[in-house]
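Me: I would like to learn how to read a structure of this kind. May we go through it one feature at a time?

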Amino acid sequence: MGIERLLPCSVKVAKLIQKSSCDVLCIIDRQVPPELVEQFGECRAFDKAFDSVVSCFKSQQLNLPVVYSPIQELSDYHDVRTYQKAAAKSLERAIKAGFKSPLLLVPASKRFANAELCTVLGALDQLYVPIQLREDVPEQAKRIAQLSLLIETPRAEDIIKEALVLESGRMVARDIGVGDPERMAPPRVEDYVNNVLSSLKKEVISDLDVLQKDYPLFAAVNRAANQVSRHRGRIIFLEYVPPKPARKTLMLVGKGVTYDTGGADIKAGGVMAGMSRDKCGAAAVAGFMQIVNEQKPADVHVIAALCMVRNSVGEESYVSDEIHTSRAGVRIRVGNTDAEGRMCMADALCRMKEIAIERQLPDPHLFTIATLTGHACISAGDGYSIAIDNSVAQKAGHARLLQETGQSFGEPFEVSVLRPDDFDFNKGKVIGEDIVQANNAPSTRTPRGHQIPAAFLIQVTGLDKHGLESNLPIKYTHIDIAASACVFPEIPTAAPIVALAKTHL
Ligand SMILES: [Zn+2]
């Protein structure tokens, strides 16, 4: 699919305000073009809030409406998201006012090297229209007709081109993430991926016998949903093979729980709403593959697995106390069916490990990306992803690098580390079980609630046999995006695919 079909409107580079064919000028910087200096001075003279709220007025000099959405006063602790937010607010105000062709003046920043790119991404954020509205009400498919961008640097064209590639990935992630439990049920995610990522190599595992034999933990979660044909789970493998010999291999597994009822440990007390967003990990992985497919890195090999499954409740529900043996041969006792995210990803992660070994792929780095725990939300706070390296990735300094890159591109991370007690916590309690999948308290009331699942994923996939002292150390990073992917019912953010793309491609 061409990138244009994935963009929210036509986007063009403007050279001069007067020749841009815009119907409104969006400004976020306090430094304004010479034609506006006097009028801005006058506004400041009578309006003490002028540089802290969004204003809309007409410039007599330019004969053009202006939306002024000032960048917040910066402290030492602010980051480039301040630019993104100002740009998003300016577009929001312009759309509310009824304008259709805004021109955004994109400022540079001495302090933030990527301010221009991030400002453009912030503006594009605001233009996203949920897939179901685009499909059901085509006349509302676009919020504006055209976005013009004036960036005063010789790199303007490159910045916009890069922003559009990144945005196309974010569109894919948002589409899958935002779709309701029916529109983005597993079979329909497969259709969507077939349509959008048609040029990538693909393998879809949906046969029940194969799932039960090769992906038994996924199959347990899928058992209730499998009773309804349109809800049946599938694991969608995607592969990008670079034109040159690969220097490294990225292998990403995404949690794609299309609806999480909690299963038989049902989410009670009104906490189920919003659980259609429990697929934002797989959505991010699909979005990342869209960026890979556009950028076509010369020597980076990428394999992805979208673990699409609905955690339904019914007579076939898997329940606590069941014993299952993982693909890697580890016996697991289910402790809480609402801890389905780790279950649905584990065997695909194990398969990635096997592929890396069997095919002797160069410098493999495995990932799981998931809206996994409420604990991530209380521990990191809204807007922050959490990266947890295994020993091998940590030795390579990976999570810190991801954090640094994310910080400079407006997708910040907290870094967590694994401790021996995170592994001990999961150990089986009685003969016959190697690992207990979860305790029966919410992660928010469990100390180390977001680190423990990362340890679980290492233990049940056999990745614990590929540590620093092993014959074949393998890098693995678990990313919990419960706090960064979306705050329901807000539109999913598509985090952390910009940070991942900038770090790894
Ligand atoms: Zn759950």
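Predicted model: local features only at pLDDT ≥ 70, side-chain atom pairs only at ≥ 80, totals over all residues.

Me: Let us begin with the cysteines. How many disulfides does a search of the whole structure find?

Reply: The general idea is to look for a pair of cysteine sulfur atoms within 2.5 Å. Here the search of the whole structure gives 0 disulfides. C9, for instance, takes part in none, and its nearest cysteine sulfur, belonging to C26, is 12 Å away.

Me: Is C9 buried or exposed?

Reply: A residue counts as buried under 20% relative accessible area. C9 has 6% relative accessibility, so C9 is buried. C43 is buried as well, with a relative accessible area of 11%.

Me: Next, the metal. Which protein donors does the zinc ion have?

Reply: For the zinc ion they are D260 (OD), D338 (O), D338 (OD) and E340 (OE), at 2.1 to 2.2 Å. Along the sequence, the donor residues follow the spacing D-x77-D-x1-E. Distant parts of the chain are thus linked: D260 belongs to strand β9 (residues 248-260), while D338, 78 residues apart from it, sits in the loop between β12 (331-333) and α10 (340-358).

Me: What is the geometry of the site of the zinc ion?

Reply: To be tetrahedral, four donors would need all angles between 85 and 135 degrees. The angles among the 4 donor atoms run from 72 to 171°, and the site is irregular.

Me: How accessible is D338?

Reply: D338 is partly exposed, at 25% relative accessibility. D260, by contrast, is buried, with a relative accessible area of 2%.

Me: Finally, how does one find empty space?

Reply: A probe the size of a water molecule is rolled over the atoms, and this shows where empty space is left. In this structure the count is 1 cavity of 30 Å³ or more. The volume of the largest cavity is about 40 Å³.

Me: Which residues line the largest cavity?

Reply: The lining consists of A173, R174, C280, A283, A284, A485, P492, A494 and A495. Helices α5 (156-178) and α9 (280-295) each contribute at least two residues, and α9 has the largest share, with 3 residues.

Note on methods: Residues numbered from 1 in each chain as written. Heavy atoms only, no water. Buried < 20%, exposed > 50% of the residue type's maximum accessible area, 1.4 Å probe, protein only. Donors = N, O, S within 2.8 Å, 3.2 Å for Na, K, Ca; no water. Tetrahedral: all angles 85-135°; square planar, octahedral: opposite > 155°, others 65-115°. Helix = DSSP H or I, 4+ residues; strand = E, 2+ residues; numbered from the N terminus. 1 Å grid on protein atoms, 1.4 Å probe; cavity = no way out; pocket = protein on both sides within 12 Å on 5 of 7 lines; lining within 4 Å. Points joined across faces, edges and corners; volume = space filled by probe spheres on them.
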